Amino acid sequence: EAWHPPSSCRNGTIVNGRANKRTVPSHLFSSASNVPTTQRPINALLTIAYFCYMAQNISGIAYPRAALIGNPSDGFGGMAIAFVFSDFRAEVRLEEHDSIRLLPGRADHLEWSDLVSFRSSVSSMGYYGGLRLLKAALLVFTKHCSESGIALHERGFKLSYTTDIPVLLGLSGSSAIIAACLRALSAWYGVKLESWQLADLAWRVETEELRIPAGLQDRVAQA
């Protein structure tokens, strides 16, 4: 039973664009039969004020994808069956800031204890991390809004990400970060994305901006 805060409070403690009643003190949601008529408008204002005060963070979440059949034929126009599971997840957090700032995550590996760990990191993870995914997702999102005639506010923010999705196992950890980022951005700007739009934008991030050959299987499942 999700409650959507007003647009002025959408930069809030919201997960995937939704805020649950349980995040608000229970007395603000007392049933009408238990609340005096004069108190109801006050409770409504208190609820809005609570979200405006507490709403400092947005979280976008996406889960890993497992393919049952057809992988990777979707990249060549074929059909596939896949699903997501919640044992692991990628999360992108957005917080209001005085500029646009993207923060590196553990997968970006900017510091090592010695040369041995450096070589091991590069050998297993390559030269790429999550920052390029955030940058490309932000660019594609803003392009989509511009092409669609959607005006975006000018407030700054910082983006950070965490993920515990195992790498190199074909669980679509990269596209999960992208999907989570797009969810956080859509909540921050109050832009509604249908599931098919989120999947299409995530696909464009990888294929058009990052030049990674990909089909729609991962993005459709994670959207």
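Here is the tour, from the whole chain down to single residues.

This is a predicted model, where local features need pLDDT of at least 70, side-chain atom pairs count only at pLDDT 80 or more, and totals for chains, interfaces and linings use all residues. Numbering runs from 1 along each chain as its sequence is written, and side-chain values use heavy atoms, with hydrogens and water left out.

Start with a cartoon of the chain: six helices and nine strands (DSSP runs, H or I of at least four residues for helices, E of at least two for strands, numbered from the N terminus). Of its 223 residues, 37% are buried (under 20% relative accessible area with a 1.4 Å probe, protein chains only).

Next, select V92, L94, F141, F157, L159, L182 and L185, which have the most contacts inside the largest nonpolar core, a set of 39 residues. Such a core joins buried Ala, Val, Leu, Ile, Met, Phe, Trp, Tyr and Cys through side-chain atoms within 4.5 Å. Now colour the elements giving it two or more residues: β4 (57-62), β7 (90-97), α3 (131-147), β9 (156-163), α4 (173-189) and α5 (195-209). The top contributor is α4, with twelve residues.

Zoom in on L159. Beyond four places in sequence, its contacts (heavy atoms within 4.5 Å) include V92, L94, R101, C181 and L185.

Last stop: D218, in helix α6 (residues 217-222). Buried or exposed? D218 counts as buried because its relative accessibility is 11%. Show side chains, and you'll find D218 in polar contact with R65 at 2.6 Å and with S172 at 2.8 Å. A polar contact here is a pair of N or O atoms within 3.5 Å; within protein, one must be able to donate a hydrogen and the other to accept it, and residues adjacent in sequence count only if both atoms are side-chain atoms.

How values were computed: Buried < 20%, exposed > 50% of the residue type's maximum accessible area, 1.4 Å probe, protein only.
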